[in-house]
Amino acid sequence: MRTWLLRSIGIVVPLVFATIGFVWLLLAAPLFSEMRRDLVEKVLSEQIGQPIVVNDDVSVALGRITHIYVGGVVIPSQTMPETSLAELNLLELELDVAALANRRLHFDNLVVDGLQANFLTAADGTTSWRKGRPTTKPEPENAAEEDNQEAIAETGGSNEGDPEGSGILSFLSDKNVAFTSIGLNIDDQTSGFSFVFDLQSLALEQVEEGQRTKVSGTGSVNGQSFEIEGDYPHSAPFTTRANFGEMTVSYDGEPFSESEGGGYRAVLQMDTGEFGDFLEVIGLERVLEGNGQLQAELVSQDALKIETFTTTVNLEDGQQLTAEGSIEDLYTARGVDLLFDARLFLRGSRRTQQRVSRS
């Protein structure tokens, strides 16, 4: 009996050490670096619903909560091959091994360092992201399809019809994420607007057992100080507050139920403070002085609709510019109905009105 036991131990112990050594080689040895990159590229691409490229190494620290470190991540633009939608120096993820044992792939507590995102619009209207609209989730025709839909929801994956970027937002929506050293470039050559965000930090925090998402961040936009605070309870009214230098913005709304078609209704309010500062924030020359206010009621469902908006600009020399109207589809600029009213005092009292419509 003792001889059999010793022989068994003599076989099992080397096998255990060999297994540990093999796992270590897979997770850490340079020899298997390409295999680790390929695996992470495949998994993350499926998670966010679009291709991801890993240029640097991938390392793994095993445990019940396994830590994965990924360097040199690039999300290529599928519409502008010469540019990238996003690049980041380091991505750290936590993988719940217990959930993986239950056939559920779940990442959390992401740390993103050195992120540069590019949302570009060329002169011909081409964007660095794919434009698209939310699609209504079809009713499953059978049990197998229903199981498949549940699997997609669990993994955070997206269907091919989703617009580029929606998969990323879906992937991040239920996770704690800390961003540091963030650059965001929004450059629209069709309108001339350019926003360069340089954020020191941005955090997404899941609270109340995942029933509420909080967002906070600080940095600068076009050289002006920037702060944002957001509170987004699930299936409940949400609030957003942002400051761009002297400009203040609020965006408060409430989601529609699934029976109402999903989406949300919100009110956007903005006070420019000193209008010259506002022009500098949005990348234009400081040619006007005064202040301005804007209020708009928006509905986001099949399209992003501005049901009504009003804006007023009071210039320091007594001039006043106002505009009001609506836009049926902000994505495509269809159904535009705007009325401009100008009160001018440059050479005597004069008032002009002009209506702009586009079906």
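## Terms and model

A residue is called buried under 20% relative accessible area, exposed over 50%, and partly exposed in between, using a 1.4 Å probe and protein chains only. By that scale E46, with a relative accessible area of 47%, is partly exposed.

This is a predicted model, where local features need pLDDT of at least 70 and side-chain atom pairs count only at pLDDT 80 or more, while totals for chains, interfaces and linings use all residues. Residues are numbered from 1 along each chain as its sequence is written, and side-chain values use heavy atoms, leaving out hydrogens and water.

## Salt bridges

Let's start with the charged pairs. A salt bridge here is a side-chain nitrogen of Lys or Arg within 4 Å of a carboxyl oxygen of Asp or Glu, and the count comes to seven. E46 pairs with K42, with the closest N and O atoms 2.9 Å apart. Both lie in helix α2 (residues 33–48), four residues apart, or about one turn of the helix. Helices (H or I, at least four residues) and strands (E, at least two) are DSSP runs numbered from the N terminus.

R241 and D252 meet at 2.6 Å, N to O. R241 belongs to strand β10 (residues 239–244) and D252 to strand β11 (residues 247–255), so this pair ties together parts eleven residues apart in sequence. R241 is partly exposed at 44%, and D252 is also partly exposed, at 26%.

E328 and K305 form another salt bridge, at 3.9 Å between the closest N and O atoms. This pair links distant parts of the chain, 23 residues apart: E328 is in strand β15 (residues 320–329) and K305 in strand β14 (residues 304–315). Finally, salt bridges with shared partners join E208, R212 and D231 into one network.

## Around Q206

Q206 sits in strand β7 (residues 194–207) and counts as buried, at 14% relative accessibility. Its side chain makes a polar contact of 2.9 Å with that of T213. Such a contact is a pair of N or O atoms within 3.5 Å; within protein, one must be able to donate a hydrogen and the other to accept it, and residues adjacent in sequence count only if both atoms are side-chain atoms. Beyond neighbours within four places in sequence, Q206 is in contact (heavy atoms within 4.5 Å) with residues including D174, R212 and H234.

## Nonpolar cores

A nonpolar core is a set of buried Ala, Val, Leu, Ile, Met, Phe, Trp, Tyr and Cys residues joined through side-chain atoms within 4.5 Å. The largest has 46 residues, of which V70, L91 and F244 touch the most other members. Strand β4 (residues 84–96) gives the most to this core, with six residues. A second, separate core of eleven residues includes F238, L298, F309 and L338.
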